[in-house]
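Please read the following report with the sequence and the model side by side.

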Amino acid sequence: MNFDFKQDHFSLFGLPRRFALDAGQLDSAWRTVAAQVHPDRYASAGDAEKRAALMMATHANEAYRTLKSPLARARYLLQLAGVDTQEDTNTSMPADFLMAQMEWREAIGEAKDEHDVAALEKLARDLQRDAAALQQHLGVALDDAGDLDGAAVLVRKLRFLEKLEQEIGDAIESLLF
Amino acid sequence: MALLQIAEPGLSAAPHQHRLAVGIDLGTTNSLVATVRSGAAGVLPDECGRSLLPSVVRYLDDGDVAVGFAAQAEQSRDPHNTIVSVKRFMGRGLADISEAAAQPYRFVDAPGMVQLITRAGPKSPVEISADILRALKQRAEASLGGELVGAVITVPAYFDDAQRQATKDAARLAGLNVLRLLNEPTAAAIAYGLDNSSEGVYVVYDLGGGTFDVSILKLTQGVFEVLSTSGDSALGGDDFDHRVYCWALAQAGLSGLNAHDSRLLLTCAREAKEALTEHASTHLTALLSDGQAIDLTLDQDTFRDITKTLVDKTLLPVRKALRDARIGVDDVKGVVMVGGATRMPHIQKAVGDLFGQTPLTNLDPDKVVALGAAMQANVLAGNKQDDDWLLLDVIPLSLGLETMGGLTEKIIPRNSTLPIARAQEFTTFKDGQTAMSIHVLQGERELVSDCRSLAQFVLRGIPPMVAGAARIRITFQVDADGLLAVSARELTSGVEAHIEVKPSYGLSDEEITRMLTDSLAHVQDDIEARKLREAIVDAESLADATRAAIAADGDLLSADELAAIEAGLGAVADAIAGNRTVAINEAAHQLNRLTETFAARRMDRNVQRALKGHNIAEL
């Protein structure tokens, strides 16, 4: 059972340390690792080994979850580079971005009040399109331009969009279920 | 044996020895036990050739316990002492049980979980379930001719932590080594997936006697990855019986039946429901205790109408699971039907209509879960080396903490792949604050009062500091069985206040030991003697392992810790000399507890030794 808890998540899965990522390759690398360290592989082993397996499998799942989400992946790359994304402390945002946020929120509130699931689902699709554009910029900033400060701003923006997406999901759920 | 069984996996078992392991479907209505023999999974029948064991337990006058058909036959004559559908009460308080008044039982609220008053005294659902499991264990050992190495026990995927913990406790109480708690839909998928060796996305629709589960799974190269799961842990075939029962009451103009009549009519209702699977209409006849005769005719259309809301109620979690998995109905390759209740034609039609395809029903819906569990038990026991598979399951309900104002903050979102751990840091709120109250919750709702309370504890011994200076890290760890452990420590001062909590619905090890001791009170002397020999062997090998560990890694212990372990070793030796099983087990248990930290440190050291920068893929 050799498992390096100190190596970064990209090395764990044998992937290049960059934002652009082949999702299929990540999935299959994760399944390979999980197959080796899952506690079920140690079901008839001693308690110490079971504990070690639990730690390793937990770590592998956490690494997978981090790399799979574009926001978490970007944040992690910045963290590896020693850049604090200041998501809780730095709330200054360009005025047009803040204005767009308010408009999103209003649209979500309206659709929710009118019990309009179709409108909420359209908002979710629009939001995903915006998020995809931000992710593309992140890829350029992190992988090509090496613009880490710019990437940190993009991470903060993407975090806003993710919260909106969560809000839309919650609204749809509260109407449907 | 926490200590030091550091061996390569698989080496401990003799290579050609088949290890006896079973899968157990502990159902609301019926339970089954299955095993893999000569490569094929099969259900183990009782001496009369019956596969199902009704999940009914009756406590008799002479102190005996009847389980299964014998108990079921007496349920209307002795309703208070004959417990059916106990699974519905697992891990539940009195307030959680809807229609408690409609049940023929005498409930009392006990800390953690409701209890039922029987002539054998108050019984917790854990003890009652253990009686069912004990019957299945005996059946398996008689049929396989040896002691079981372990068992995989299935639980509804939507069971929360308290219900899972209660199930595991029941298994331990029955003397079973739990290899894994396995979600029922996942077990069914194994049974189907391996038969059909298919790849793609599958939906498992599992309507049992008292629980409804839906899971969405992706099968890829031997990996069963659960994408999402949803359900209703208080909805099942029993509810269909209950609708028929209420319909019969209304038709016959009855109200307020006594316990005997109420049980009788419920049984008639269940028989009528089952008859409607094959026939267009059926008669419902019963003779009540006051001499009144009931004779009603129920046809399929009426049955469909009175149960339509229940069927619709199952489709909501299906849609929710699809949504969580980000899957559309068109992406689904197959729909697997599990649970006896899915035999109802209008359920098959409703599910078929939703997915635009005929659901798969080629395996017996009563047996498929037990068969899948047996296959998994065979793998976990180490009997299968090649082409085995891996299950990646998820946590069904989000875990969170109570924050200011009675709101919950989610720490682990639902449908996260297991095992998972998440840490969260907290700080103090007042100057000089030395204690902090932590409330762990499970559920999706925002308000604490709408979620299930799993554990509440006070973290003490925080060094006094100005408000906001202390840093307390709380770690949630959920293992592959979906069971939670919470630990907390203070980081800044170097003072470690470290605690482990068990969910408030779980039983403590002491309670389990007490129950085990109680249940052993009646057994024969030769069993006692064997237990004593086993206890001595176990205790001696633990003592040997401990001494060897001290010799190898004694430097990891402080003088005080070493003294405590030496004292524990002395106590074990004394207990062995006294020839008393309970005392020996207690001393061994105590020694185990004393060496837990030591074992953890040794493990860490071993992990550290192994850390040479290998990529996991190179292993």
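## Two chains and their interface

Of the 177 residues in chain A, 46% are buried, where buried means under 20% relative accessible area, exposed means over 50%, and partly exposed lies in between (1.4 Å probe, protein chains only). The structure is a predicted model, in which local features need pLDDT of at least 70, side-chain atom pairs count only at pLDDT 80 or more, and totals for chains, interfaces and linings use all residues. Residues are numbered from 1 along each chain as its sequence is written, chains are lettered from A and ligands numbered from 1 in the order in which they are written, and side-chain values use heavy atoms, with hydrogens and water left out.

Chain A holds seven helices and zero strands, and chain B holds 14 helices and 27 strands; here helices (H or I, at least four residues) and strands (E, at least two) are DSSP runs numbered from the N terminus.

Within chain A, helix H4 (residues 70-80) has among its buried residues A:Leu71, A:Ala74, A:Leu77 and A:Leu78. The cover over the buried residues of H4 in chain A includes helix H1 (9-12), helix H3 (47-68), helix H6 (117-145) and helix H7 (148-176) of that chain. Just after H4 of chain A, A:Gly82 takes a positive phi of about 80°.

Where the chains meet, 50 residues of chain B are in contact with 46 residues of chain A, contact being heavy atoms within 4.5 Å. Together the two chains bury about 3900 Å², of which 55% is on carbon and sulfur atoms; this buried area is the accessible area (1.4 Å probe) that two parts lose on being put together, summed over both. Five salt bridges are counted between chain B and chain A, each a side-chain nitrogen of Lys or Arg within 4 Å of a carboxyl oxygen of Asp or Glu. The side chains of B:Glu225 and A:Arg31 form a salt bridge at 3.5 Å, N to O. Elements giving two or more residues to the side of chain B that touches chain A include strand S14 (212-220), strand S15 (223-232), helix H7 (300-325) and helix H14 (596-610) of chain B.

Some local backbone features remain. Most residues other than glycine have a negative phi, and most peptide bonds are trans. In chain B, the peptide bond from B:Leu418 to B:Pro419 is cis, with omega near -5°, and B:Pro419 has its place in the loop between strand S21 (407-412) and S22 of chain B. A:Gln86, although not a glycine, has a positive phi of about 50°; A:Gln86 lies in the loop between H4 and helix H5 (95-113) of chain A and is partly exposed, with a relative accessible area of 32%. B:Asn579, also a residue other than glycine, has a positive phi near 60°, is found in the loop between helix H12 (559-578) and helix H13 (581-594) of chain B, and is partly exposed, with a relative accessible area of 46%.
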